[in-house]
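This report describes a single protein chain.

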Amino acid sequence: MNLNLIKLQIVELLYKHKKITTVADELGLKQPTVTYHLKNLEQQLGEKLFESRMDKMILTESGRAFLHYAVKINALAAEAERVVKEFSQGGRGILKIGASYVPATYILPKILSLFGEQHPGTTISLSVKSSPVIKEMLINQEIDLGILSTESFYLPSLHSQSLCEDELVLVFAPNHEFADRSELTPSLISSADFILHDMQSSTRQMTNKWFEACGVEPRVHILLDSLEAIKQSLMSGRHVSFISRLAVADEVATGKLMICPIPEYHFQRHIYYSYNRDRHYSPLIGLFIALMKTLNM
């Protein structure tokens, strides 16, 4: 079977764009050439990978199974080419980092700036996504290094290590009624107007766990997927929310917001760095990890 890379790239791009003309343009090929490679691959496999629906090419079940491996092989091929080029570029290279929102916003800017000064020949690419998406990107070898805020996790293909704790705290404005309370209970907290994070965030998942463990339900008023928007909304004095202590450090220091420990909170969340065990551990990855540790995160 002749599974050359161009056929695998066509499968991945056709899944992404749904149109053969777009795939042809991206690969610099003629449309009949793309169609020929796809038909030839389907004949070799003895299965239809795509079917045409409403002028779009949609994966079949067999196609979905094949796509899983096509993505991995394409990523490995790109990684192999990149690693070899690093040896001929005299210390230059590309470091692809994926980070969840808290470390990307409140930890990495300083580290990225310092790393850039120390290694001016390096190009750093940063993708900011939710923690579950960063894990998938690591598994699929789309990035070199992941920095994510999450509960402890284990995935066989990933090496992960904690950098620091990322504690969740209850946050509210100085003029909120909770500011004058000496003791807060789960029942009292659940009666407040809550701002909840997007369902994909690890903060929202841990918030839900706390409400479930305490046997109470939040009085939801607002759903937001932006930490900065949540903080601005809290300053009005009407709402409360669970937020990373790291994310509100500046607002607490300037008196714009207040925090207190979450009662009966028995969960732990950390900032982890993680990389795929099968991906080439380049010197750039090691240098970046060493810098994060040196800064005593």
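## The largest pocket

In this predicted model, helix 4 contributes the most to the lining of the largest pocket, namely 7 residues. The pocket holds about 500 Å³ of space. Its lining comprises 18 residues, of which Glu12, Leu13, Val71, Asn74 and Glu142 lie closest to the centre. Two or more lining residues come from each of helix 1 (5-17), helix 2 (20-27) and helix 4 (61-87).

Sorted by class, the lining of the largest pocket consists of 8 charged, 7 nonpolar and 3 polar residues.

## The second largest pocket

Helix 5 has the largest share, with 4 residues.

In the lining of the second largest pocket, 11 residues are polar, 6 are nonpolar and 4 are charged.

Helix 7 spans residues 131-139, and its buried residues are Ser131, Ile134, Lys135, Met137 and Leu138. These residues lie on the same side of helix 7, because the arc they cover around the axis is only 160°.

The partners of this buried set include both strands and a helix: strand 3 (93-99), strand 4, strand 5 (145-150), strand 6 (158-165), strand 12 (270-276) and helix 9 all pack against the buried residues of helix 7. After helix 7 comes Gln141, which has a positive phi near 60°.

## Leu126 in strand 4

Strand 4 covers residues 122-128 and contains Leu126. Is Leu126 buried, partly exposed or exposed? Its relative accessibility is 33%, so Leu126 counts as partly exposed.

Beyond its neighbours within four places in sequence, Leu126 makes contact with Ile97, Ala99, Leu108 and Leu112.

In soluble globular proteins, nonpolar side chains tend to be buried together. The largest nonpolar core of this model has 32 residues, and the members that touch the most others are Leu145, Ile147, Ile243, Tyr273, Phe288 and Met292. Helix 12 (residues 283-294) gives the most to this core, with 6 residues. There is also a second, separate core of 20 residues, with Phe172, Ile189, Leu196 and Cys260 among them.

The surroundings of Leu145 can be set out in detail. With neighbours within four places in sequence left aside, Leu145 is in contact with Lys96, Ile97, Gly98 and Leu138, with Tyr273, Ser274 and Tyr275, and with Ile285, Phe288, Ile289 and Met292.

## The chain as a whole

The chain has 12 strands and 12 helices. Its C-alpha trace extends about 70 × 50 × 30 Å along the principal axes. The chain is 297 residues in length, and 44% of these residues count as buried.

Among contacts in the chain with a separation of 6 or more, 72% are between residues 24 or more positions apart.

Terms used. Residues numbered from 1 in each chain as written. Predicted model: local features only at pLDDT ≥ 70, side-chain atom pairs only at ≥ 80, totals over all residues. Heavy atoms only, no water. Buried < 20%, exposed > 50% of the residue type's maximum accessible area, 1.4 Å probe, protein only. Contact = heavy atoms within 4.5 Å. 1 Å grid on protein atoms, 1.4 Å probe; cavity = no way out; pocket = protein on both sides within 12 Å on 5 of 7 lines; lining within 4 Å. Points joined across faces, edges and corners; volume = space filled by probe spheres on them. Nonpolar A, V, L, I, M, F, W, Y, C, P; charged D, E, K, R; others polar. Arc of directions from axis to C-beta. Core = buried A, V, L, I, M, F, W, Y, C linked by side-chain atoms within 4.5 Å.
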